[in-house]
Amino acid sequence: MIRKPLVAAGALAAALLACARPAGADAFPTEAATSRTIHVPKDKSLSFRLDGPASRIVVAQPETAQIVATTDRSFYVRGKALGSTNLLVYGDNGVLHEVIDVEVGHDVQSIQADLAAALPGEMITVRNLGQGVILTGEVSNTSVAARAKSLAEKMAPEAVTSALTVRAAQQVLLEVRVLEAGRSALQ
């Protein structure tokens, strides 16, 4: 007689577990989900495409990025604040299909274009680094390096690190000899 209540309790527990998790969902869905990282400039939007249809997209930190679904297979992301967050993309039956890490940084492409226009011929590369940007490359002189940092700080205030190197200046070794001869010695 004692066995019947235990069997009934076990069946009830199995039924509750089956209801709590959607059919077809893995015990640890994040392990089966694919992942990727996308980079979005602050105060700009970029469009992205999914591999399959999504029924729901969850943003971990909505103050960092805003997501708007355009179709069941595409969405756009607007960078609201510097930082990082992630998106959880769910498909049919609530199954987690993809985890997308979103890095919101400064608009390095615009900074790169402005530096190329203002300092033509200088080899300067701009990349996001943490909450700021880093300038790398080789420039012709120290005043160009200072100007590049100043221009970049207009678009990324107090967030620019310069790792620019100055080309070695070419030096010419000149040897001068001064000879003095009297007039009588020359005759």
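The following legends describe close-up views of a predicted model. Residues are numbered from 1 along each chain as its sequence is written, and side-chain values use heavy atoms, with hydrogens and water left out. Local features need pLDDT of at least 70 and side-chain atom pairs count only at pLDDT 80 or more, whereas totals for chains, interfaces and linings use all residues.

**View 1. Confidence along the protein chain.** The mean pLDDT (the predictor's confidence in each residue, from 0 to 100) of the protein chain is 82, and 79% of its residues reach 70 or more. The pLDDT is below 50 over residues 1–31, a stretch with ten contacts (heavy atoms within 4.5 Å) beyond near neighbours in sequence. Where pLDDT is low, the predicted coordinates should not be read in detail.

**View 2. The open sheet of three strands.** The strands (DSSP runs of E, at least two residues, numbered from the N terminus) have the order β2-β5-β4, with antiparallel pairing (at least two DSSP bridges between two strands). Because β2 (45–49) and β4 stand at the edges with a single partner strand each, one side of each is left without a neighbour in the sheet. From one strand to the next, the twist averages 25 degrees.

**View 3. Pairing of β2 with β5.** Five antiparallel bridges join β2 to β5 (residues 74–79). Ser47 has Tyr76 of β5 as its bridge partner.

View 4. Thr64 lies in the loop between β3 (56–59) and β4 (65–69). With a relative accessible area of 6%, Thr64 is buried (under 20%, with a 1.4 Å probe and protein chains only). Beyond its neighbours within four places in sequence, Thr64 contacts residues including Arg78, Gly79, Thr85 and Val104.

Methods: Helices (H or I, at least four residues) and strands (E, at least two) are DSSP runs, numbered from the N terminus. Buried means under 20% relative accessible area, exposed over 50%, partly exposed in between (1.4 Å probe, protein chains only). Axes are lines fitted to C-alpha atoms, for helices over the stretch in contact, and angles run from 0 to 180 degrees between N-to-C directions.
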